[in-house]
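Visitor: I want to learn how to read a pair of packed helices. Where do we begin?

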Amino acid sequence: MRNIFLINADNSTMKKFTYMFLTVLLLLFGVGSEYTASAKAKPLEVTVLMYHGVVSSGAGKYVISKDRLDEDVKYLIDNGYEIVSVEGLVASLNGAKIRRKEKLAVLTFDDGFYGNYKYALPILEKYGVSGVFSVVGSYMDDKKLTDKTAKYGYMDCEDVKNASKYVEIASHTYNLHGNKERKGIKKLKGESVGDYINLIYNDFKKNHDKLTKITGKKPYIFAYPYGIYNPIAEEILGEMGYVCTLTCNEGKNYLRSINDLKLLKRYNCDGRIATKEFMEKYNI
């Protein structure tokens, strides 16, 4: 049975995936994985906002102006939210005696746009709050994509290293976001389960190692491109040490245990909608 797993992996890697066969049927039927919280204590109520491109001016479904971002952060603070890091949530869920507000928010920025570094980072610093920058590894290696004069250029390795001193750096795959053959980590029709596991494992590991080398810290947050996920990906990421995974499903999160940080729901911040209208639409 082990021969179908991870042809390029070592024995320890192959061993830890043998039990993953229990999830293969779920994968083939396209079922997502969910986690059940315990009922011991009052859960942490967490709203996760999802941003993409941050620009000097302009708006789109996945593009927001720096002024609108500033308004969003101010709105959250003025309306009683505590903007926290994932690391902070982990500490609270592990029993750290930290006083938290009833309403918590996490700010996430996908794809690794340079505008997030140039415009979003100063706003986060202005308000003294953290954020999560999810980075596609292959984009950092492409000089054309890291052109800082382009409106939608991406951060290079030095930008990510500098940003990591203030925000949390998450993996957004190495080369599965803009991959033309598949959408995110979606399994291709006719692709064997063994080949599929091998591919996503190697991609995840490549970006994991790259981000660790750049920042000096192992990433523990993973954002699924296009919000596509499955139990096998969750298993691989868990084995790699990821404690938090981010989807594109909408809704608030109620966390009672560390396991509830998996498959967090997020609200996409549409730049075409004013701050107050957007927040009221989702009861934020």
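Guide: Axes are lines fitted to C-alpha atoms, for helices over the stretch in contact, and angles run from 0 to 180 degrees between N-to-C directions. Helices are DSSP runs of H or I, at least four residues, and strands are runs of E, at least two, numbered from the N terminus. This is a predicted model, where local features need pLDDT of at least 70, side-chain atom pairs count only at pLDDT 80 or more, and totals for chains, interfaces and linings use all residues. Residues are numbered from 1 along each chain as its sequence is written, and side-chain values use heavy atoms, with hydrogens and water left out.

Visitor: How many helices and strands does the protein chain have?

Guide: The protein chain has ten helices and eleven strands.

Visitor: What describes two packed helices?

Guide: The angle between their axes and the distance between the axes. Take α3 (residues 66–78) and α5 (residues 114–127): their axes come within 10 Å and cross at roughly 25 degrees. Angles under 35 degrees count as roughly parallel, over 145 as roughly antiparallel, 65 to 115 as roughly perpendicular and the rest as oblique. So α3 and α5 are roughly parallel to each other.

Visitor: Which residues of α3 and α5 meet?

Guide: Contact means heavy atoms within 4.5 Å. From α3, the residues include Leu69, Val73 and Ile77; from α5, they include Tyr119, Ala120 and Ile123.

Visitor: How do I read the span of α8?

Guide: The expected span is 1.5 Å times one less than the number of residues. Helix α8 (residues 193–215) has 23 residues and reaches 33 Å from first C-alpha to last, close to the 33 Å expected. Gly216 follows α8, with a positive phi near 80 degrees.
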